[in-house]
Amino acid sequence: MPRTALRICPLCEATCGLTLTIEGTAVTGARGDREDVFSRGFICPKGAAFGALDSDPDRLHAPLVRRDGRLQEATWEEAFDAIAAAVPALVREYGPQAVGVVLGNPNVHTMAGALYPPLLLKALGTRNLFTASTLDQMPKHVSSGLLFGDPFAIPVPDLDRTDFLLLLGANPVESNGSLCTAPDFPGRLKALRARGGTLVVVDPRRTRTARLADRHLAPRPGSDALLLAALAHTLIEEKLAAPGALEELTEGIGELAAALGSFTPEAVAPACDLTAAEIRVLARELAAAPTAAVYARIGSCTVEYGTLASWLVDVLNILTGNLDRPGGALFPLSATAPAPRPAGPGKGFALGRWASRVSGHPEAKGELPTAALAEEIETPGDGQIRVLLAIAANPVLSAPDGDRLDRALAGLDFMVSVDPYLNETSRHAHVVLPPPPPSQSAHFDFAFNGFAVRNQARFSPAAVPLEEGRMDECEIHARLILAVSGLHGTADPAGVDELAIQSALARETAAPHSPLHGQDPAHLAGLLTGGSGPERRLDLMLRLGPYGDRFGAADTAAADTAAADTAAADTAAADTADTADADTAAAAGRAVAGPAAGPGADTAAHGLSLERLLAYPHGIDLGPLGPRLPGVLKTRSGRIELLPDPIAAELPRLRTALAERPAALVLVGRRHLRSNNSWLHNVPALTGGSNQCTLQVHPQDADRLGLTDGGRARITADGGSLEVPVEITDTLRTGVVSLPHGWGHDRAGARLSVAAATPGANVNRLLDGTRLDPLSGTAVLNGFPVALTPLP
């Protein structure tokens with residue numbers, strides 16, 4: 001008989017709750033979980049295809065080890081033996097900097113990917129870390145680090161209560177949101193307009209999101225920073241800035257007028273290809289709205305001035321008084337975040353603590369630009385990367401100049417891939433370690449709850465028992481750490497988790513402000529629950545978090561939390577104040593604590609732990625976001641540093657853009673609801689239809705260039721050229737063409753049969769990796785110049 005099981009969807013940032021239908025050990029269906037406290041039944045095509053992804057016949061079932069130049073199936077012991085024989089020896093010979101680690105986007109969608117990479121990096125002692133962040137969101141981390149002292153202190157728009165949303169370079173109707181975890185983003189945008197709010201979308205394409213907007217502005221790609229600077233200038237010039245209580249918490253407001261003095265709407269308008277009047281009207285509307293939030297994403301990050309654009313988003317939220325207030329942009333409080341401490345100066349955030357060996361790119365948040373990986377492998381000398389560990393990463397498709405990286409990977413002394421597929425990158429590995437399908441893994445969203453538009457906690461145990469011959473993904477990571485440390489065969493993998501628990505408790509019990517100060521770490525460790533090391537670590541993080549039971553010190557923890565401006569009392573008050581939130585609180589309160597208590601109050605009184613979370617399989621609602629300043633701030637001054645030195649030094653370069661002559665034709669990417677970068681092109685249910693790799697061209701540009709709909713064209717840029725099919729459409733402005741990211745499944749040796757049937761073209765072959773945002777090291781993937789010629 002079929003049965004059902006609950007599972008949080010791991011296929012995008014929305015983290016929707018699913019109800020899986022299971023027959024035997026096979027997932028035969030997936031629908032939205034209507035009782036999920038966060039997503040309430042919403043589902044997109046990716047979630048509906050969960051079963052097809054889970055049972056994909058191209059998924060690897062056993063490890064692969066390279067023998068005589070060929071990857072062959074092996075036992076788990078043979079795979080880890082091979083790693084243990086190679087990596088420690090190479091580290092002894094060449095040093096720890098001879099090792100590079102690449103983390104792909106799927107890492108933040110699994111428990112293992114969140115829990116183990118930091119331990120792996122510590123074990124290796126290498127600084128050569130490359131992640132998907134420098135192909136996507138690093139500008140936002142850098143700007144938040146400089147403003148607030150913490151690169152993870154990223155405010156999100158309060159979608160459910162705002163009156164005015166200005167959205168730039170984002171298409172959440174199709175992406176489901178990014179750095180803003182919000183199930184049913186389309187429904188939330190429609191609800192904004194239904195309650196009388198205003199949605200303004202700034203995008204060179206008339207996306208599905210733009211079609212929902214009250215107003216759509218289509219500037220030139222890459223001009224976001226100029227537009228945002230002009231909006232800030234107008235607020236200051238017209239005396240519309242009203243930071244309110246934020247003024248006392250902020251340094252640099254007085255200096256901002258001079259710093260942005262050149263960016264008048266009249267000066268910026270030609271470069272943006274908007275009118276000065278349009279810019280001034282937008283600034284006035286933003287200032288006049290009762291509450292407002294500015295939100296920008298990948299289209300404004302993966303451009304030449306990505307960090308400045310990300311910084312200016314928060315400058316606008318601060319100048320209008322909308323940062324850290326309901327209806328504006330707020331800082332989420334995840335259940336596994338560190339419990340708040342009393343406000344005060346912190347260590348701050350620094351850029352460039354070290355640099356890449358070859359080109360001297362400064363690190364950002366401990367990472368080097370992924371665009372620099374190929375040269376670090378190819379270039380001889382001390383510190384040359386000879387060993388690479390690629391964890392859920394496919395940079396051959398996702399990074400600039402994939403052909404060069406493809407060649408470089410072939411020259412490594414040793415490579416390990418943790419990946420369910422033999423893809424364009426993992427085909428170079430000497431050992432491939434395949435994690436099991438997602439139905440066979442437990443799940444908790446460590447990363448995305450930190451960007452959620454409502455505080456909540458949900459945990460999914462494995463829906464299906466681990467198949468014989470498979471290894472749990474967390475155990476794979478733990479064994480990998482032992483293998484590269486020279487401890488394979490001599491230490492229990494469970495000890496990796498226990499050591500992490502001991503270290504965390506040692507820090508906590510030594511912290512003067514902790515209610516656990518002076519207690520015995522070993523005794524506290526013995527109180528943890530969970531059927532595995534990862535679950536015990538989750539239990540620890542929940543207990544030590546802002547809603548946790550603190551091992552029986554709940555009353556002390558609640559008082560400490562309240563003192564740090566994070567209180568559940570504020571949450572409950574906000575619930576009561578807003579009708580929609582009150583309805584949500586009442587429903588969740590009945591599920592969690594009975595009709596008299598909201599869920600935030602319930603967890604504050606009784607404390608959150610894994611055992612408590614397991615008792616509520618649809619999740620525990622922790623209430624709407626609330627004000628958290630100044631407790632969030634970790635700057636050296638203990639205040640918001642509005643004009644930090646790296647930003648001030650970068651503004652003169654932005655001024656030069658005012659006089660630059662724009663390219664005649666530039667390229668931007670695009671997302672599709674049934675795709676997620678290069679992940680899902682091997683799932684038949686998610687291919688075809690409009691999810692195709694075509695070059696979209698405006699009709700006027702097509703006429704000028706002699707292109708025909710359905711014909712082919714050669715597109716050329718810095719790094720090379722591609723031949724692509726043409727799709728003529730008026731959904732993008734003139735002077736702009738669009739090609740989606742993550743395609744190019746045409747390389748020999750990969751085993752992706754569905755993707756290979758319609759491989760598409762890899763847009764990153766057009767880039768040579770030299771175009772970077774200098775502050776964050778993020779590759780410029782949007783707004784770069786291209787040339788088109790028709791093909792017969």
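Modeller: Before we start, two strands count as paired if DSSP finds at least two bridges between them. Strands (E, at least two residues) and helices (H or I, at least four) are DSSP runs, numbered from the N terminus. This is a predicted model, in which local features need pLDDT of at least 70 and side-chain atom pairs count only at pLDDT 80 or more, while totals for chains, interfaces and linings use all residues. Residues are numbered from 1 along each chain as its sequence is written, and side-chain values use heavy atoms, with hydrogens and water left out.

Biologist: OK, which residue of β17 does leucine 64 stand opposite?

Modeller: Valine 432. β4 and β17 (residues 431–433) are antiparallel partners over two bridges.

Biologist: And how many bridges join β4 to β5?

Modeller: Four, with β4 covering residues 64–67 and β5 covering 70–73, again running antiparallel. Valine 65 has glutamine 72 of β5 opposite.

Biologist: What does aspartate 68 do in that hairpin?

Modeller: Aspartate 68 takes a positive phi near 55 degrees, in a hairpin that has two residues between β4 and β5.

Biologist: Which residue is the bridge partner of threonine 4 in β2?

Modeller: Threonine 21. β1 and β2 (residues 17–23) are joined by six bridges.

Biologist: Helices now. How far does α20 reach?

Modeller: α20 (residues 494–510) has 17 residues and spans 25 Å from first C-alpha to last, close to the expected 24 Å. That expected span is 1.5 Å times one less than the number of residues.

Biologist: Which of the α20 residues are buried?

Modeller: Val496, Asp497, Ala500, Ile501, Ala504, Leu505, Glu508 and Thr509. Buried means under 20% relative accessible area, exposed is over 50% and partly exposed is in between, using a 1.4 Å probe and protein chains only.

Biologist: What do those buried residues pack against?

Modeller: α5 (117–124), α19 (473–484), α21 (521–526) and α22 (533–544).

Biologist: At what angle do α20 and α22 cross?

Modeller: Roughly 15 degrees, with the axes coming within 9 Å. So α20 is roughly parallel to α22. The contact involves residues including Ile501 and Leu505 of α20 and Arg537 and Leu540 of α22; contact here means heavy atoms within 4.5 Å. Axes are lines fitted to C-alpha atoms, for helices over the stretch in contact, and angles run from 0 to 180 degrees between N-to-C directions. Under 35 degrees counts as roughly parallel, over 145 as roughly antiparallel, 65 to 115 as roughly perpendicular and the rest as oblique.

Biologist: How about α5 and α19, what's their crossing angle?

Modeller: Roughly 5 degrees, and their axes come within 9 Å. That makes α5 roughly parallel to α19. Leu120 and Ala123 of α5 are among the contact residues, as are Leu480 and Ile481 of α19.

Biologist: Last one: is arginine 543 buried or exposed?

Modeller: Arginine 543 is buried, at a relative accessible area of 8%. This arginine sits in α22. Setting aside neighbours within four places in sequence, arginine 543 touches Leu527, Leu528, Thr529, Gly548, Asp549, Arg550, Phe551, Leu608 and Ser609.

Biologist: How far apart are the C-alpha atoms of arginine 543 and serine 609?

Modeller: 5.3 Å, although the two are 66 residues apart along the chain.
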